[in-house]
Each structure stands twice: as structure tokens, then as C-alpha cells.
Amino acid sequence: MKAQKKVLLEITVIIAAAAVFGFVYTFITNQGFFAEKDGHDTSTGSNLEMISLENAKELFDSQEALFIDSRHNFDYNRGHIHGAINIGLDSIKTAGAVLETIPKEKIFVIYCDGVECNSSIELAAELNGLNFKNIKIFFGGWQEWKKNNYPIDYQ
Amino acid sequence: MEKEQLSHRLSVKSILTNTVLIFFIRLTLGVIFVISSLDKIADPDAFTLSILNYKVIGFGLATATATILPPLELICGLGLILGIYPRSSAFLITAMLVIFTIMVISALIRGLDISCGCFSQNPDAEKIGYLKILENSGMIIMGIWLLCIRDYGVAFIRLFRQKK
């Protein structure tokens, strides 16, 4: 019983140390939770980047980026970010002709419904595989954009 | 006959409790976990994406996991190598391996073609597969082995203490 208590205490100490290390490290390096709060881009070590709402809005205002809505066509038609095109995961193959006309260096901002969906990541990975160099994933997605009353379109 | 059985049991036990073998297992698991933690610590956001690819948890929980899990791997790996809290480190490493394996099996069942995110966060690196399950199973056996013994052999931390 005493030995079990000792192990339990040690496990608690290890997990606490890992949590402190992790949060201090990400705070110092502006990554993870702290990257979003500060509005910095967060590199993913590949061609993909996760960006915050502020970064997405900056790119929107500068008109440098092409916004891609990765949701289903039905959701896209009910409302989407102004100027965004719809490439759902199921339509990536049929979108080949459109993608061929876009320069590989073009900045893409991909979003889906919000933080709970992953189709933006999957589409980003697909486009990364097609050698597009500047892919950014706006994780807050449609819900965060709409909540802030930023420009939207209906179709 | 009984003597033979007894000597056989003793020889199996002596292999399982062999301090050199246990030290080798500690080093193997420890080094694997330290190495696997480094890329994740360097880029926690890429690791968040790797976790999200498994489609099991949402963004917030994935970010929290990517913040805490890599240092946990590092501390447990160093714990096994140096002999600091070896039993607790072995327990946590075994628990992590079981969870990782369940995640890989679940992703394979759902037909996900994703990278493991185990050692490198490059999306093209090391896709999940049955080999990964086999690797993890081997490490789980090593982890359980460490949990079943009492003497963990050399504790490097004691060597440092003695020098002082």
C-alpha cells in the first residue's frame, strides 16, 4: 500500500513537471495556446501553417490569399467567407482544373466550420501533396469569422 | 522431475530479473522516448496537427496534449535512463504506448491514411500500419516487464550523488 502511494506520488510529480515544462516552453516560444492569444503564425514544420482569426483577417484585407471553404457544398451555399471558393474533400478531384490555373506560390487560407472539424487539415494535406507552397489553416473557421461579423457571402 | 521443473523456473526467473538485460531494456525504451519527444517539443503545433489527423479529439484538447505529452515522454525517457523514478516512468511509458496503439488501431479501422506523428512531424513521414502496432506491442511488453521487477539495476543519478 505504501509502495503504491509512493508510485502514485511519483506519477503526479512527473505529470506536473511535464505540464510546467510544456506550458513554460510554449509560452516562451509563442507556440500552442500562447500562439493563438498573441496572434502569431504557428509553423507546422512543413508547408502548412495554422493561423489565428487576426492573421486570417489581415490576409483577407490584403487580398493576397485565396480563401478555400472545405465544407460540404450545402453548408457553403448557406454562407461563407466573402470571396471564398468551395473545394470540399469529396470534390478535390473535380477541382483539379481550377487548381491547375492557380500559381503554386499562391497563399491559400483553408477553413471549415470551426475548431471541431478536421476537413481543413485534410484538404491542406491534399493540396500540400499537389505542391502548393503557402497553405494556411484558419482553425477558428466559419463560426469564428461569422461571430466577428466579418464580410460574408451567400449563394 | 520436480527438480528439473524447479531449475527451469529458476532459470526463467533469472533471465527475467537479469540486471544487465533490465538495464538494456531501460536504455532502449528510454532512448526511444527521448528521441521521439525531441521533434514534438521543437514544433508542438505540428504535433497538434498530427494528433488532429487521428480525428479523435478537438483542437483545444489536441493543443493541450501537444503541450504536455512531449515533455512527459522526455522526462519518462530520462527517468528510465538515469534511474530516477524508474517504476513510475515505466508505468507512464507503458500507459502512453497502450493509448498510442489504440489510436493507431482505431485509425486503421476507420481507413485513415495518415502519418504516425511518432518521431517526425513531417506529414509524409512514417505512415501508420500494422508494423507500427507490432513495434508498439514489443515496447509494451518491455514496459510490462519493467513493471514486474523490483531491482532496476544501475541508477546513474546515484553515481552523480556519490561523486558529490
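Across all chains of this predicted model, the structure holds nine aromatic pairs. One of them joins A:Phe21 and A:Tyr25, and this pair is stacked. Their ring centres lie 6.3 Å apart, with 25 degrees between the planes. Both residues sit in helix α1 (residues 2–28) of chain A. They are four residues apart there, which means a separation of about one helical turn. In an α-helix, residues three or four places apart point the same way, because there are 3.6 residues a turn. A:Phe21 is partly exposed, at 35% relative accessible area. A:Tyr25 is partly exposed too, at 24%.

A second pair, A:Phe108 with A:Phe132, is tilted. A:Phe108 belongs to strand β6 of chain A, while A:Phe132 lies in the loop between α6 and β7 of chain A, so the pair ties together parts that are 24 residues apart in sequence. Both A:Phe108 and A:Phe132 are buried.

The two pairs compare as follows.

| Pair | Geometry | Centre to centre | Angle between planes |
|---|---|---|---|
| A:Phe21 and A:Tyr25 | stacked | 6.3 Å | 25 degrees |

A:Phe60, A:Phe67, A:Phe138, A:Trp145 and A:Tyr150 form one aromatic cluster. Two lysines sit over rings. A:Lys57 lies over the face of A:Tyr150, at 4.9 Å from the ring centre. A:Lys104 lies over the face of A:Phe132, at 4.4 Å from the ring centre.

Is strand β6 (residues 107–111) of chain A enclosed by the rest of the structure or open? Five of its five residues are buried, so β6(A) is largely enclosed. In a regular strand the side chains alternate between the two faces of the sheet. Both faces of β6(A) are covered. On one side are A:Ile107, A:Val109 and A:Tyr111; on the other are A:Phe108 and A:Ile110.

β6(A) pairs with strand β3 (residues 65–69) of chain A in the parallel sense, over five bridges. A:Ala65 has A:Ile107 as its bridge partner in β6(A). Strand β7 (residues 134–138) of chain A also runs parallel to β6(A), joined by four bridges. There, A:Ile137 in β7(A) stands opposite A:Ile110.

**Helices α3 and α6**

Helix α3 (residues 53–62) of chain A has a set of buried residues, among them A:Lys57 and A:Phe60. Just after α3(A), A:Gln63 takes a positive phi of about 60 degrees. Helix α6 (residues 119–129) of chain A has buried residues including A:Ile121, A:Leu123 and A:Leu127.

**The largest pocket**

The largest pocket has a volume of about 590 Å³. It is lined by 31 residues, and the closest to its centre are B:Phe47, B:Leu69, B:Met96, B:Ile99 and B:Phe100. Which elements give two or more residues to the lining? They are α2 (19–42), α3 (44–53), α4 (59–82), α5 (86–109) and α6 (130–148) of chain B. The largest share, eight residues, comes from α5(B). By type, the lining of the largest pocket divides into 23 nonpolar, five polar and three charged residues.

Key
Residues numbered from 1 in each chain as written. Chains lettered and ligands numbered in written order. Predicted model: local features only at pLDDT ≥ 70, side-chain atom pairs only at ≥ 80, totals over all residues. Heavy atoms only, no water. Buried < 20%, exposed > 50% of the residue type's maximum accessible area, 1.4 Å probe, protein only. Pairing = 2+ DSSP bridges. 1 Å grid on protein atoms, 1.4 Å probe; cavity = no way out; pocket = protein on both sides within 12 Å on 5 of 7 lines; lining within 4 Å. Points joined across faces, edges and corners; volume = space filled by probe spheres on them. Nonpolar A, V, L, I, M, F, W, Y, C, P; charged D, E, K, R; others polar. Phe/Tyr/Trp six-rings, centres within 6.5 Å; stacked < 30°, edge-to-face > 60°. Lys NZ or Arg CZ within 6 Å of the ring centre and 35° of its normal.
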